[in-house]
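Look at the structure before reading on.

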Amino acid sequence: MGDLSRNFSRSEFACRCCGRADIDPRLVEALQQLRDLADAPVRVTSGYRCPEHNRAVGGAKQSRHLRGHAADIVIKSLSVAGMYELAEQVAAFRNGGIGVYPEQGFVHVDIREVRTRWGHLDDKYVSFEEAMKTNGGERNATA
């Protein structure tokens, strides 16, 4: 049982640098919907990031993690493509941001106001389509 929702706790979203966890309740609600659809645990590998931690991990200057609007997630039983397909079924993510990281085995989801998709391969950002056509999109989550 979580303290933010049925399955999520504030500690899962805490910055690894300072322990802050300023998370938007809309993100938690969307992740709970995703968890319910998956009928499997959704592990948050990166939630809130303070500016220092965001810089240290090479995050975007305007990263949604800085606002508590984003999470990088892993659903162990699913491939990156499978996680993406489930995230598309959650309105907040379907209308927001989804990034696929097939080589690292995780998906980024966020609650931005504009539908945005991207991929990440070979340490660079690429189109969503390019990332998904690699065999990495079918690899099971490993992060």
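Ring pairs join Y101, F106 and Y125 into a cluster. The model is predicted: local features need pLDDT of at least 70, side-chain atom pairs count only at pLDDT 80 or more, and totals for chains, interfaces and linings use all residues. Residues are numbered from 1 along each chain as its sequence is written, and side-chain values use heavy atoms, with hydrogens and water left out.

**Aromatic rings**

- Y101 counts as buried because its relative accessibility is 9%, where buried means under 20% relative accessible area, exposed over 50% and partly exposed in between (1.4 Å probe, protein chains only).
- F106 is buried too, because its value is 13%.
- F8 and F13 form a tilted pair, 6.1 Å centre to centre with 50° between the planes, and both residues are buried.

**The largest pocket**

- A pocket is an open set of points on a 1 Å grid over the protein atoms alone, where a 1.4 Å probe fits, with protein on both sides within 12 Å along at least five of seven lines; lining residues have an atom within 4 Å of a point.
- The lining of the largest pocket has 22 residues, and R49, G59, H65, D72 and Y101 lie nearest its centre.

How values were computed
Rings of Phe, Tyr and Trp (its six-membered ring) pair if their centres lie within 6.5 Å; planes under 30 degrees apart count as stacked, over 60 as edge-to-face and the rest as tilted.
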